[in-house]
Amino acid sequence: MERATPLPPTASDPGRRRLLKGAALAAVPYALLPETRADAQTQALDYAPATWEPATSANYTRANRPIQYPVDFVVIHVTQTTYDTALGVFQNPKKEVSAHYVVRSADGHVAQCVPEADVAWHAGNWDYNTRSIGIEHEGWVDRPAYFTDALYERSARLTATICAKYGIPRDRSHIIAHYEVPGSDHTDPGPHWDWERYMRLVKRA
């Protein structure tokens, strides 16, 4: 995840690289937003098994996807912190970061933090933010024990559901790592993430 910076992207902020970071953002004019959008506190879940753990509205851009922007990618992240800390970061307006979902290591529990219709600040690239769903996974890139069976399985079901909803192909050209986002200086999900296994689970789901 990246910290939000003005468009076009500027130099990264090394002091926050260990924290979750979000993308470069520009505010969407309110005239473009639908009048009937639910308030963040009453937002209906986009993914039924998830629980609603809302990010502060200061950390993402309200939008009307896929009408305003197509949704073409799922971006896979690793939090580099605990599940609870990640949720706290998203709820802190000073952090300028968010993701649509966070998956817990121990049991694969999924929290939704940003409505899928909105643009989460997760990829470090505004264009990719507008066209993607960001999924964070609790853990560290150099601690493979955090990538549990439950985490892989529940995340794969979530990704498969997103792909079905938006017509995203279930392949590695469209389900991508954070490090594969153009301009990213991140390495997550890292060398211990089992892409072969993950994609197999996504295709089976």
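Which residues have the most contacts inside the largest nonpolar core? They are Tyr 101, Ile 162, Ile 175, Trp 193, Trp 195 and Tyr 198, in a core of 29 residues.

## Basis

This is a predicted model: local features need pLDDT of at least 70, side-chain atom pairs count only at pLDDT 80 or more, and totals for chains, interfaces and linings use all residues. Residues are numbered from 1 along each chain as its sequence is written, and side-chain values use heavy atoms, without hydrogens and water.

## Sheet

Six strands (DSSP E runs of at least two residues, numbered from the N terminus) form an open sheet in the order β1-β5-β4-β7-β3-β8. The pairing (at least two DSSP bridges between two strands) is mixed. β1 runs parallel to β5 (110-112), joined by two bridges. Thr 51 faces Ala 111 of β5.

## Helices on the sheet

Helices are DSSP H or I runs of at least four residues. Contact means heavy atoms within 4.5 Å. Angles run from 0 to 180 degrees between N-to-C directions, with axes fitted to C-alpha atoms, for helices over the stretch in contact.

Helix α1 (83-90) packs on the sheet and touches β4 (101-103), β5 and β7 (132-137). Its direction makes about 165° with that of β4. Helix α3 (149-166) lies across β3 (73-78), β4, β5, β7 and β8, at about 175° to β7.

## Cores

A nonpolar core is a set of buried Ala, Val, Leu, Ile, Met, Phe, Trp, Tyr and Cys residues joined through side-chain atoms within 4.5 Å. Buried means under 20% relative accessible area (1.4 Å probe, protein chains only). α3 gives the most, seven.

Beyond four places in sequence, Trp 195 contacts Ile 76, Arg 172, Ile 175, Ile 176, Ala 177, Tyr 179 and Pro 189. A separate core has 14 residues, among them Tyr 60, Val 89, Phe 90 and Val 102.

Key:
Buried < 20%, exposed > 50% of the residue type's maximum accessible area, 1.4 Å probe, protein only.
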